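Please read it alongside the sequence and the coordinates.

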Amino acid sequence: MVPEESVGSVETRMQTASLALEELLVTAQKQHCLTVGIYESAKLLNVDPDSVVLCVLATDNEEDVALQIHFTLLQSFCCDSSINILRVSGVQRLRQLLGGVDANQNQEEIGDLHCMLVTNLQVDHYRLQEVGMYCQESRLLDQWVPELVLQER
């Protein structure tokens, strides 16, 4: 049985990491350091994997077999390249976050939020460090691909 304190601290860690991830993604988008889309992400990983510091895989539908195959391949590549990976649920929250940054972007431009890559950021590294620490702590607990739930607001 897990002590109650541990459950509370895990929830706190997850909530802190979720907020850090949200801020990180918005900052990365503003700095043009965010690649969005499975195809676009695969192209970047093929050309310049050393520039990628975080891979975010998002889905609210675990039954999409094709998407799960893409995720498996991306996860494998990221693990081989020592790139932190996060699986998140809450695609609608991602749409709120990333669609609200640039009102000129149409829905199609931010459409495929299933895979996002964060490349080297100019500023706001502390959020990247927080997310990276969450990934590292999760791996120490044998959770190789950490998961977060983004809450709609």
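How many disulfides does the rule count? The count is 0 disulfides, a disulfide being a pair of cysteine sulfur atoms within 2.5 Å. The model is predicted: local features need pLDDT of at least 70, side-chain atom pairs count only at pLDDT 80 or more, and totals for chains, interfaces and linings use all residues. Residues are numbered from 1 along each chain as its sequence is written, and side-chain values use heavy atoms, with hydrogens and water left out.

**Overall architecture**

- The protein chain contains 5 helices and 5 strands; helices (H or I, at least four residues) and strands (E, at least two) are DSSP runs, numbered from the N terminus.
- Read from the N terminus on, the elements follow the order α-β-α-β-α-β-α-β-α-β.
- Of the 153 residues in the protein chain, 43% are buried; buried means under 20% relative accessible area, exposed means over 50%, and partly exposed lies in between (1.4 Å probe, protein chains only).
- Contacts are heavy atoms within 4.5 Å; among those between residues at least 6 apart in sequence, 82% join residues at least 24 apart.
- The accessible surface of the protein chain comes to about 8800 Å², and 52% of this surface belongs to carbon and sulfur atoms; the areas come from the Shrake-Rupley method with a 1.4 Å probe, and for residues only the protein chains shown count as cover.

**Nonpolar cores**

- In soluble globular proteins, nonpolar side chains tend to be buried together.
- A nonpolar core is here a set of buried Ala, Val, Leu, Ile, Met, Phe, Trp, Tyr and Cys residues joined through side-chain atoms within 4.5 Å.
- The largest nonpolar core has 28 residues, and those with the most contacts inside it are Leu21, Leu25, Leu54, Val88, Leu94, Met116 and Val131.
- Two or more residues of this core come from each of α1 (4-30), β2 (52-58), β3 (84-89), α4 (91-99), β4 (115-119) and α5 (125-140).
- Helix α1 supplies the largest share of this core, 7 residues.
- A second, separate core has 15 residues, among them Ile38, Leu44, Leu45 and Leu74.
- Leaving aside residues up to four places away in sequence, Val131 touches Ala17, Ala20, Leu21, Leu24, Leu54 and Leu86.

**Salt bridges**

- There are 4 salt bridges by the rule used, which asks for a side-chain nitrogen of Lys or Arg within 4 Å of a carboxyl oxygen of Asp or Glu.
- The side chains of Arg13 and Glu137 form one of them, at 2.7 Å from N to O. Arg13 belongs to helix α1 and Glu137 to helix α5, so the pair ties together parts 124 residues apart in sequence.
- Both partners are partly exposed: Arg13 has a relative accessible area of 24%, and Glu137 has 31%.
- Another salt bridge joins the side chains of Glu22 and Arg93 (3.0 Å, N to O). This pair links distant parts of the chain, with Glu22 in helix α1 and Arg93 in helix α4, 71 residues apart.
- Glu22 is buried at 5% relative accessible area, and Arg93 is buried at 10%.
- Arg127 and Glu23 also meet through their side chains in a salt bridge (2.8 Å, N to O). Because Arg127 lies in helix α5 and Glu23 in helix α1, the pair ties together parts that are 104 residues apart in sequence.
- Arg127 is buried, with a relative accessible area of 13%, whereas Glu23 is partly exposed, with 33%.

**Surroundings of Glu22**

- Not counting residues up to four places away in sequence, Glu22 touches Arg93, Leu97, Leu150, Gln151 and Arg153.
- Glu22 and Leu98 are 76 residues apart along the chain, and their C-alpha atoms are separated by 9.1 Å.

- Cys78 is in no disulfide, and the nearest cysteine sulfur, that of Cys55, is 3.9 Å away.
- Cys78 is buried, at 0% relative accessibility; Cys135 is also buried, with a relative accessible area of 0%.

**Surface patch**

- Val65, Ile69 and Leu73 form a nonpolar patch on the surface, with about 310 Å² of accessible area together. Patches are made of residues with over 30% relative accessible area and no salt bridge, like charges being joined within 9 Å and nonpolar side chains (Val, Leu, Ile, Met, Phe, Trp, Tyr) within 5 Å.
- Ile69, one of the patch residues, lies in helix α3 (residues 65-80).
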